[in-house]
Amino acid sequence: MDVRLVCSFLSLLLSATGGLSSSDDGWSINVQAEVRAMEGYPVVLPCTFSHPQHSQHSSLQVLWRLGHGAGATILYRCTSRPGVPTCEPGPKQDQRYRLEGNPREHDLSLRINSATLQDNGRYFCRVEVQGREHISFEDKMGTRLRVEAPPKILALSVEGSEQAGYRALCRVQGSPLPDVQWLGPDDLLEGSLVSGPLAQESPTRYHTVSQLRDVEPGQQYTCSASNPLGKEQATLYVLPPRPPLSVAGASPPLLLLLSVALGAKVILLVGTGVWMVQGGALQGLSCWWK
């Protein structure tokens, strides 16, 4: 594993933020204002509470949700019964979530296994005392979870026609959102943003697409994506157009040879596809991606 990635992950774990506390009628809930995690690793959202002594022997229901209001999603729910050492989740509970703490010890901390960028958001914990008097209490401020990830190039392609010209497209993902640059054989090229981060609630807000115009056959172009957690590059080589076929009226085939280089690993993907292209678009264009 990249030493920079390990160091960045450790620094995220060691960074502490202040806790928040809510209290009312003898109840109090303490949570952490913000928790940071690395994509692919587990993360724990701390939540502890105190309550009046008379509720010690009652059944407790624990609930965790993502978001607030009508659009909130319930992620975890379990019931702690008197004399039972565990908090029993429902039969359809997503196994990626589990209670790290023990409600009988006033600990409602939630563990999320293999965090993803889609887990970013604000989480709220809630406890309910079940009995003759149904009492509930929840933290009102929530815990902000920030999942970070090194850059990942999702796709690199060329589109266009010989008449209109070609452009290269590089789709990347990461958090913080990666900076994308284009490199030619000898110098830095000027690319432009096709799409950037979308609305905060969008699942693709950690994706961006950069384009390089006036791509010429016979040249190679490198897409380089970087953020504080790492860097990834992919190179596209556009083969010159193939000569036209001798058969009258037949459109030439399109041959794509792709290879992906990630770190020290090289994976070769060779595929041949034939398209009958109308109007001369993309006739005879081939590319090599490595």
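Buried here means under 20% relative accessible area, exposed over 50%, and partly exposed in between (1.4 Å probe, protein chains only). This is a predicted model in which local features need pLDDT of at least 70 and side-chain atom pairs count only at pLDDT 80 or more, while totals for chains, interfaces and linings use all residues. Residues are numbered from 1 along each chain as its sequence is written, and side-chain values use heavy atoms, with hydrogens and water left out.

**Overall make-up and confidence**

The protein has one helix and 23 strands. Of the 290 residues in the protein, 41% are buried. The exposed surface comes to about 15,800 Å², of which carbon and sulfur atoms supply 54%; accessible areas come from the Shrake-Rupley method with a 1.4 Å probe, and for residues only the protein chains shown count as cover. Taking contacts (heavy atoms within 4.5 Å) between residues at least 6 apart in sequence, 57% join residues at least 24 apart.

The mean pLDDT, the predictor's confidence in each residue from 0 to 100, is 76 for the protein, and 68% of the residues reach 70 or more. Over residues 3–21 the pLDDT stays under 50, and the model has 29 contacts beyond four places in sequence for this stretch. Residues 247–287 also have pLDDT below 50, with 78 contacts in the model beyond near neighbours in sequence. Where pLDDT is low, the predicted coordinates should not be read in detail.

**Salt bridges**

The structure holds ten salt bridges, each defined as a side-chain nitrogen of Lys or Arg within 4 Å of a carboxyl oxygen of Asp or Glu.

Arg 96 is partly exposed, at 22% relative accessible area, whereas Asp 119 is buried at 4%.

Glu 34 belongs to strand S3 (residues 34–38) and is buried, with a relative accessible area of 17%. The side chains of Glu 34 and Arg 36 make a polar contact at 3.2 Å. Such a contact is a pair of N or O atoms within 3.5 Å; within protein, one must be able to donate a hydrogen and the other to accept it, and residues adjacent in sequence count only if both atoms are side-chain atoms.

**Nonpolar cores**

A nonpolar core is a set of buried Ala, Val, Leu, Ile, Met, Phe, Trp, Tyr and Cys residues joined through side-chain atoms within 4.5 Å. Which residues touch the most other members of the largest nonpolar core? They are Trp 64, Ile 112 and Leu 145, out of 32 residues in that core. Strand S11 gives the largest share of this core, four residues. Apart from it lies another core of 17 residues, including Ile 153, Val 158, Cys 223 and Val 238.

Leaving out residues up to four places away in sequence, the contacts of Ile 112 include Tyr 41, Pro 42, Val 43, Leu 45 and Tyr 123.

**Backbone features**

The peptide bond from Ser 175 to Pro 176 is cis, with omega near 0°. Pro 176 is in the loop between strand S14 (165–175) and strand S15 (179–183).

Ser 114, a residue other than glycine, has a positive phi near 50°. Ser 114 sits in the loop between S10 and S11 and is partly exposed at 39% relative accessibility. Asp 214 is not a glycine either, and has a positive phi of about 60°. Asp 214 lies in strand S18 (residues 207–215) and counts as exposed, at 66% relative accessibility.

Note on methods. Helix = DSSP H or I, 4+ residues; strand = E, 2+ residues; numbered from the N terminus.
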